[in-house]
Amino acid sequence: MATPAVELDVDGPHGTRKVRVSSPDKPYFPELGVTKLQVVEYFLAVGEGVLGALRDRPTTLERWPGGVVEGAQLSTRQDQRGDAFYQKRAPKGAPDWVETARITFPSGRPADEVCPTEVAVVAWAANLGTLTFHPWPVTRAAPDSPDQLRIDLDPQPGTDFADAVVVAGEARALLAELGMEAFPKTSGGRGLHLYVPIEPRWTFVEARRALIALGRELERRMPDRVTMSWWKEERGSRVFIDYNQMARDRTIASAYSIRPTPRALVSTPLTWDEVPRVSPEDFTVRTVPARFAEVSDPHAAITGNAFSLEPLLELSDRQGAGDLPYPPDYPKMPGEPKRVQPSKARPDTE
């Protein structure tokens, strides 16, 4: 028989919410012996940290209702038969205290996404099987104007976390030259994410152009370590700066999200002193609560900063290199080069 549901009391700005957890003993990470209830309790333990990453942001839910079990697959646009899926629209039947924010996809279609405003919303989503939260780099007050520049350092085959650390150090130095500051975190995999808080005065197109400029300058400084090539066949054993993470409707796993790996790795905020001294495997659903209780949230200061994008946009103008390809599901964008894999390009498409 299934274990009866339990109710958790979750305090918040509007009093105590009752959050129901169904099938609390259901294995979510069998190799670790972590149950569904323990996943919800994890999010409560890091509640202020994860809410800091999500508060007032339209958020896509990555739901694994059956847990991270052997053979479980994530549905994609091409194949929607997976066991897990991305939920971009707020689920029907959500409690009335689960607020939403309206966003517009690249196609022009609108959607109302979950917009967390209190820790109880995170716990409610975790009960639905949400392990990874994907907040937009905007707030609902300005849904078309990013307030974070998110730099995704993605090690390619032949490279690893240590390579991302080296690139992160150079990125930090470059940003300092431009009068900007970044906040690092592990991706929950082999990479690193750097968040730069920015004034919400620019469009997604401009923010993406700023990130391309930063990536191109890093590629110029570290040609053997950094690549900006959208095409995998051209990247080599280098760290790819995924500039399309700043395109509309592209998101990065939030701080304190659990990644769907057998060891339940967590995307964890770091101080810069920690970056060269840690490993992604240090941070799991079992270890991060104690760390959070000890050091609190290294990303808490993000909300007290906001930098101008002008230095990066001016760098882009000086580079004069033009645009780079958008993801394949996007409408054709003005000034974008042809989306043709180099090895498949015909002379008339070059």
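These are my notebook entries on a predicted model of one protein.

**Ground rules**

I number residues from 1 along each chain as its sequence is written, and side-chain values rest on heavy atoms, with hydrogens and water left out. Since I am reading a predicted model, local features need pLDDT of at least 70 and side-chain atom pairs count only at pLDDT 80 or more, while totals for chains, interfaces and linings use all residues.

**Whole chain**

I looked up the secondary structure and found 7 helices and 14 strands; helices (H or I, at least four residues) and strands (E, at least two) are DSSP runs, numbered from the N terminus. The radius of gyration is 20 Å, close to the 20 Å from the globule rule for 350 residues, so the protein is as compact as a globular protein of that length. That radius is taken over C-alpha atoms, and the rule is 2.2 Å times the number of residues to the power 0.38. Along the principal axes, I have the C-alpha atoms filling a box of roughly 65 × 45 × 40 Å.

I then looked up burial: 52% of the 350 residues are buried. Buried means under 20% relative accessible area, exposed over 50%, and partly exposed in between (1.4 Å probe, protein chains only). For contacts (heavy atoms within 4.5 Å), I took pairs at least 6 apart in sequence, and 66% of these join residues at least 24 apart.

The charge count is 43 positive and 49 negative side chains, with the centres of the two sets 5 Å apart. Lys and Arg count as positive and Asp and Glu as negative, without His and the chain ends; each charge is placed at NZ of Lys, CZ of Arg, CG of Asp or CD of Glu.

**Helix 7 and what follows it**

Which residues of helix 7 are buried? In this helix, residues 310-319, I list Leu312, Leu313, Leu315 and Ser316. They lie on the same side of helix 7, because their arc around the axis is only 155 degrees; the arc is that of the directions from the helix axis to the C-beta atoms. Asp317 and Arg318 are exposed on the other side. Among the elements covering the buried residues, I note strand 10 (148-155) and helix 5 (204-221).

Lys332 sits in the segment after the helix and counts as exposed at 51% relative accessibility. Leaving out residues up to four places away in sequence, I find Lys332 touching Pro337, Lys338 and Arg339.

I checked helix 3 (residues 119-127) and found 9 of its 9 residues buried, so the helix is largely enclosed by the rest of the structure. Trp124 and Asn127 are among them. Just after helix 3, Gly129 takes a positive phi of about 100 degrees.

In helix 4 (residues 161-177) I looked up Gly169, which is partly exposed at 36% relative accessibility.

Asp56 has phi near 65 degrees and lies in the loop between helix 2 (47-54) and strand 5 (59-63). Is Asp56 buried or partly exposed? I have it as partly exposed, with a relative accessible area of 27%.

Asp249 has phi near 70 degrees. I place Asp249 in the loop between strand 14 (239-241) and helix 6 (288-295), where its 8% relative accessibility makes it buried.
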